Amino acid sequence: MPGQPRTRRVAAVLGALLGTAVLTAVLVSAASAEPRAQSAKGGTYRVGWESSFGFNDNFDPTGEYLANAFAINTNLLLRGLIGYNHVAGPAGAKVVPDLATSVPKPTNGGKRYTFKLKSGIKFGPPVNREITSKDVRYAIERMARPKNGAQYAFWLSPVIKGWDAYSKGKTKSLSGIKTPSAKTIVFDLTAPTGDFLLRLGMPATFPMPEEVAKCFEGKPGEYGRYVIASGPYMIEGSDDLDISSCKSLKPISGFNGQTFMKLVRNPNYDAKTDSRKARENNPDRFEFVVNTNLDDIYAKIGAGELEDSYATASPKVFREYSTNPSKRKYLHSNWADGTYYITMNLTQPPFDDVHVRRAMNWIIDRSALTKAWGGAVSGEVAQHIIPNTMLGGKLNNYRPFKTPGDRGSLAKAKAEMAKSKYANSGGVCSDKACKNVLLITDVRSVDKLILPIVQANAAKIGITFTVRSVNGAYPVIQTTSKNIPISTRPRWFKDYADPSTFIDPLFKGSSIIPEGNTNYALVGVTPGQAKRYGIKGSTTNVPSIDKAAEACAKLVGNSRLNCYAKLDKVLTEQIVPWIPYMSAKTVTILGPKVTKWNFDQNAGFTALAHVAVSK
Amino acid sequence: MSTAEAVVGIAAPESRSPRQQFWIRFKQDKAAVTGGVVIIVLVLLAIFGGPLAERVTAHPQNEPYGSMTDDFGIPRGPNSEFWFGADSAGRDLFVRTMYGARTSLLVGIVASGIAVLIGTVIGLFAGFFGGWADTTLSRGADVMLAVPQLLISIGIVAACSTTKEGCAGGLIKPGLSIVIAVIVLFSWPYVARVVRGNTLSLKQKEFIEASRSIGAGSTRIIAGDVLPNLIAPIIVLATLLVPQSILFEAALSYLGLGVPPDQASWGQILADASGLYDVAWWLMVFPGAFLVVTTLAFNLLGDGLRDALDVRTDR
């Protein structure tokens, strides 16, 4: 620059040089950081699976509802119209577009959803063709055909127009789904349904290639070993599948249905069609291996021979990882969107009296029950039904049965029991209806820990039990004609991130079925149902929440959450079918090779789409 | 030495009844006597131990104590108040071990007693009468021996565990009675085979022929001649069956098929300890020690009785 002294010019040059050097250093540093980020790619993420896969439909997406199958499908194997970002907390429960270009707003008074599909997304080998709207339609129609055993069809059947007629074979296609072009799909609903998008987030609705799936028509679960990928990974050996005819199909070698599942990268997956927020796809390979020895699973995790597990860690594992500073970093505890509870049958004495049910809620030592599951790491004391995480925190401070230390209150229980027709003036149940009440529990070790707490607590207000410890208690309590008065076994987790999944299957009278019933308390049961389903007991004055639930189901957003929060209060305090005692957490113990991890709030399991391992 | 003294000195040996001979031989077997004493103590413990322990400690057997589990629900070990520590639910392990003695011995003694009774009757009948009776009863016992015990036990208990009434019109109810029934069902054939074999051998003996020759009927021969000669093997068998039954109950409880969860038994306590033994040794050690001592005591007593009752045994 003219007029500058020489020394200043030199200084300017030196400054420029220094600045260049600093800039170069930063750039070099950034460049050297890139290989480190790159090093997160690759390797194998190995998951130990306790006892058995336990898939309820052999991994066939049409009928599968195990949360961990959801996790594998939505994170790795399959893509749907909408998806999730597979992260922890409320952000992980928010729908994002996946196959669709955007998340559509409903039209036609909340009864129509129109999706546009992205271009360039192909099925994995050996199908290798672009996914179209007809593939989505095929998957949903497959659900609607009862012979295919879709366990979650009930979430769509009352919602999509023409479902009933199609499922009964009266129409050739589902009139509520239209595919005007290969990249457009339109859903017409019977009524505004606030959580319709969430219902579409279930893998059963994800596109399925008819040319393969048609071979398994009317064979529930058999497609599970032939699942064709649409996501970033495929089952190892998929490319060897001969789809020239149904007869030539042989199960894909990477999943034997019983002991292992191995996933490798899908060569047809194009990351540009996806969002890195939703899927990072770091490992080259995933291995899910069944191991019947729980101790061995955790020993292998500790030794770096496994990265993760689908297993119920015992309290001693919690303690080991919680109290040992060097291991603490490997322990993760995330809200599981589930409630553990004791169910009481509204038709069976003495629980046909709401005062007895309330008294039970007052007397139960929730703190002790939570500790039986392993303490704070595995959950927090719950006093109402829908997990706080699913109500947007609206009932965070709602504690209707609050007692010091959550240990229960004999005085309050007695005061409530005194109002019961079964009690004497001292607030103790003196009626024979309270003696030797049939209680169903399971043979699992944690059930044995819960039982004495419940027995000791209930005895204080005069209720004693005849205990039946059953290996697999659910089928017993799910059979209405068994007329089980009380069970300590139940737990419930969301089907998807909406409070309706805690209300409709658990408390709507219209959801009561004779076998496989999940409304154990029989809220809303009618005398007609009682007669049909072998229910003996008092059914004339059983309260119903059906209308209130239907009103909530139509709402969206904040008003929807408020509605369900209000319904939760009604159930918890006025109807009292449960003794909710713990809001569950999912505990994850990781191996030392895991370099990146997150929790998938939607699936309630590790966000497999975001993990990374050192090689 | 006078002649008279000499006569006394060479007097014929004092004759002893079989019972006296048995007692002398049994008394010489210190291990068997110890076993017998231990069993007496255990029986007293089974009768009085539970209530006494509850009274002394002021800890009801089914009361969980929150202070006896840590923040993770893991039980705490022995201390001045809880002598054996706490079980996995935080209950007093000492009190439950004492009550467990009652359950375990009850199962052992009652189940073995019934099995011995059934086995003896069937074995006697089959061995003595032979022919179609022997074929039918022996093959029946063979069938029972071929049946997988645990699988059938699981089936029976599962089938009868979902209602208050149990099954078979309330005849079979889950709990102690069904455990005893299952043990009896699979134990009697062993007794029957031994009794049948001995009866087959006995009925060829001269004294049986002698009884027949003086006109004794079958019932009289069985009751008066055969049965008394079977007492020794039956007693021995019974003492060996008791610990087997206790262990079988433990196995059933381990599988969740034994006594109800609120009724303490050593097997059940051990079953509950399976996932915690490496962090709560006391869960395994105390009930395990009682189980070992009981099993050992019955085995020692059985061996001693066998030796004392069998005059051919050379010690």
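**View 1. Helices H4(B) and H7(B) pack against each other.** In this predicted model, the axes of H4(B) and helix H7 (residues 176-202) of chain B lie 5 Å apart, and the packing angle is about 35 degrees. The two helices, H4(B) and H7(B), cross in a right-handed way. Sorted by class, the residues that form the contact of H4(B) with H7(B) are 24 nonpolar, 7 polar and 2 charged. Two values are given for this pair because packed helices are described by the angle between their axes and the distance between the axes.

**View 2. Helix H4 of chain B also meets helix H5 of chain B.** H4(B) covers residues 93-129, and H5(B) covers residues 131-146. Their axes come within 7 Å and cross at roughly 140 degrees. H4(B) is therefore oblique to H5(B). The crossing of H4(B) past H5(B) is left-handed. On the side of H4(B), the contact is made by B:Ile122, B:Phe125, B:Ala126, B:Gly127 and B:Phe129. H5(B) brings B:Gly131, B:Ala133, B:Asp134, B:Leu137 and B:Ser138 to the contact. By class, the residues of the contact of H4(B) with H5(B) are 6 nonpolar, 3 polar and 1 charged.

**View 3. Chain B is built from helices, with 0 strands.** The number of helices in chain B is 11. Read from the N terminus, the elements of chain B run α-α-α-α-α-α-α-α-α-α-α. The C-alpha trace of chain B spans about 85 × 65 × 30 Å along its principal axes. Chain B has a radius of gyration of 25 Å, whereas a compact globule of 315 residues would have one near 20 Å. Of the 315 residues of chain B, 43% count as buried. Among the contacts in chain B between residues at least 6 apart in sequence, 69% link residues at least 24 apart.

**View 4. Chain A touches chain B.** Here 28 residues of chain A are in contact with 25 residues of chain B. Four elements of chain A each supply at least two residues to the side that touches chain B: helix H8 (315-323), helix H11 (366-372), helix H13 (445-459) and strand E14 (465-470). H13(A) gives the most to this side of chain A, with 8 residues. The side of chain A that touches chain B has 14 nonpolar, 8 polar and 6 charged residues.

How values were computed: Residues numbered from 1 in each chain as written. Chains lettered and ligands numbered in written order. Predicted model: local features only at pLDDT ≥ 70, side-chain atom pairs only at ≥ 80, totals over all residues. Rg over C-alpha atoms; globule rule 2.2 N^0.38 Å. Buried ≥ 20, exposed ≤ 12 C-beta atoms within 10 Å, placed from the backbone. Contact = placed C-beta atoms within 7 Å. Nonpolar A, V, L, I, M, F, W, Y, C, P; charged D, E, K, R; others polar. Axes fitted to C-alpha atoms, helices over the stretch in contact; angles between N-to-C directions. Parallel < 35°, antiparallel > 145°, perpendicular 65-115°, else oblique. Left-handed = near helix turned anticlockwise from the far one by under 90°.
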